[in-house]
Amino acid sequence: MAGRRKTDPTAGRVAVNAWRDGTADRRTVTTAVRFTLEELADVTPGHAVEVRVPPAGAVQCVEGPQHTRGTPPNVIETDPQTWLELVTGALTWEEGISSGRVLASGERANIEQWLPLQATRRRQGELGE
């Protein structure tokens, strides 16, 4: 995925921090979601699971059988707020699933082991420490 990354990692981290601080507008939230989706695909490359966060974006990730047509057999879908809560650790996978805020179908549709994403942690010297 590194070659397909479209969001500058620095801009992505700034967007995640703005969301976390409650100062993000819609465009900034979209940047944060796209950055974290790209990060997930980078951390766990593959095509077995499709993660959808409409309207911000979607990625395929996790090693395994690749689908080529129609709806993939393993799909995770949620809204931008829930997605950012998941990737930052503000919401656990189990809480997201049990509350219905995260919809997951297929035997491989579980990304819990990669959450929260390392890239969403605040770095020393960043605002808000």
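These notebook entries record what I looked up in this predicted model.

**Entry 1. The nonpolar core**

I began with the largest nonpolar core, which holds 31 residues. Val 33, Val 51, Ile 76, Trp 83, Leu 84 and Ile 111 have the most contacts inside it. I then listed the elements that each supply at least two residues of this core: α1 (9–21), α2 (26–43), β1 (49–53), β2 (57–61) and α3 (80–88). The largest share, seven residues, comes from α2.

Setting aside residues up to four places away in sequence, Ile 111 touches Leu 40, Val 62, Ile 76, Trp 83 and Trp 93.

**Entry 2. Helix α1**

I checked the length of α1 next. The helix has 13 residues and reaches 18 Å from its first C-alpha to its last, close to the 18 Å expected at 1.5 Å a residue. At its start, a side-chain oxygen of Asp 8 comes to within 2.8 Å of the backbone nitrogen of Thr 10. After α1 comes Gly 22, with a positive phi near 80°.

I recorded the buried residues of α1 as Gly 12, Ala 15, Val 16, Asn 17, Ala 18 and Trp 19. These buried residues pack against α2 and α3.

**Entry 3. How α1 meets α3**

How do the axes of α1 and α3 cross, and within what distance do they come? I find that they come within 11 Å and cross at roughly 105°. The two helices are therefore roughly perpendicular to each other. On the α1 side the contact is made by Val 16, Trp 19 and Arg 20, and on the α3 side by Gln 81, Leu 84, Glu 85 and Thr 88.

**Entry 4. Helix α3**

The buried residues are Pro 80, Thr 82, Trp 83, Leu 84, Glu 85, Leu 86, Val 87 and Thr 88. Their cover includes α1, α2, β1 and α4 (93–99).

I also inspected both ends of this helix. At the start of α3, a side-chain oxygen of Asp 79 reaches to within 3.1 Å of the backbone nitrogen of Gln 81. Just after α3, Gly 89 has a positive phi of about 90°.

**Entry 5. Buried polar side chains**

Glu 38 lies in helix α2 and counts as buried because its relative accessibility is 7%. A polar atom of the Glu 38 side chain lies 3.4 Å from the backbone nitrogen of Lys 6.

Asn 74 is placed in the loop between β2 and β3. At 6% relative accessibility, under the 20% limit, Asn 74 counts as buried. A polar atom of its side chain lies 3.2 Å from the backbone nitrogen of Glu 107. Leaving aside neighbours within four places in sequence, I find Asn 74 in contact with Ala 48, Val 49, Glu 50, Ser 105, Gly 106, Glu 107, Arg 108 and Ala 109.

**Entry 6. Glu 77**

Is Glu 77 buried or partly exposed? Its relative accessibility is 29%, so Glu 77 counts as partly exposed. The residue lies in strand β3 (residues 75–77). Glu 77 and Arg 52 are 25 residues apart in sequence, yet their C-alpha atoms are 4.7 Å apart in space. Not counting residues up to four places away in sequence, Glu 77 touches Arg 52, Pro 54, Arg 101, Val 102 and Leu 103.

**Entry 7. Backbone exceptions**

Most residues other than glycine have a negative phi, and most peptide bonds are trans. I therefore searched for departures from both patterns.

Which residues does a cis peptide bond join, with omega about 0°? I find this bond between Pro 54 and Pro 55, and Pro 55 lies in the loop between β1 and β2. The bond from Leu 115 to Pro 116 is also cis, with omega near -10°. Pro 116 belongs to the segment after β4 (103–105).

For phi, I noted Val 62, a residue other than glycine with a positive value near 70°. Val 62 sits in the loop between β2 and β3 and counts as buried, its relative accessibility being 9%. Val 62 is also among the residues that Ile 111 touches.

Definitions and conventions
Residues numbered from 1 in each chain as written. Heavy atoms only, no water. Core = buried A, V, L, I, M, F, W, Y, C linked by side-chain atoms within 4.5 Å. Buried < 20%, exposed > 50% of the residue type's maximum accessible area, 1.4 Å probe, protein only. Helix = DSSP H or I, 4+ residues; strand = E, 2+ residues; numbered from the N terminus. Contact = heavy atoms within 4.5 Å. Expected span 1.5 Å × (residues − 1). Polar contact = N/O pair within 3.5 Å; in protein donor to acceptor, adjacent residues only side chain to side chain. Axes fitted to C-alpha atoms, helices over the stretch in contact; angles between N-to-C directions. Parallel < 35°, antiparallel > 145°, perpendicular 65-115°, else oblique.
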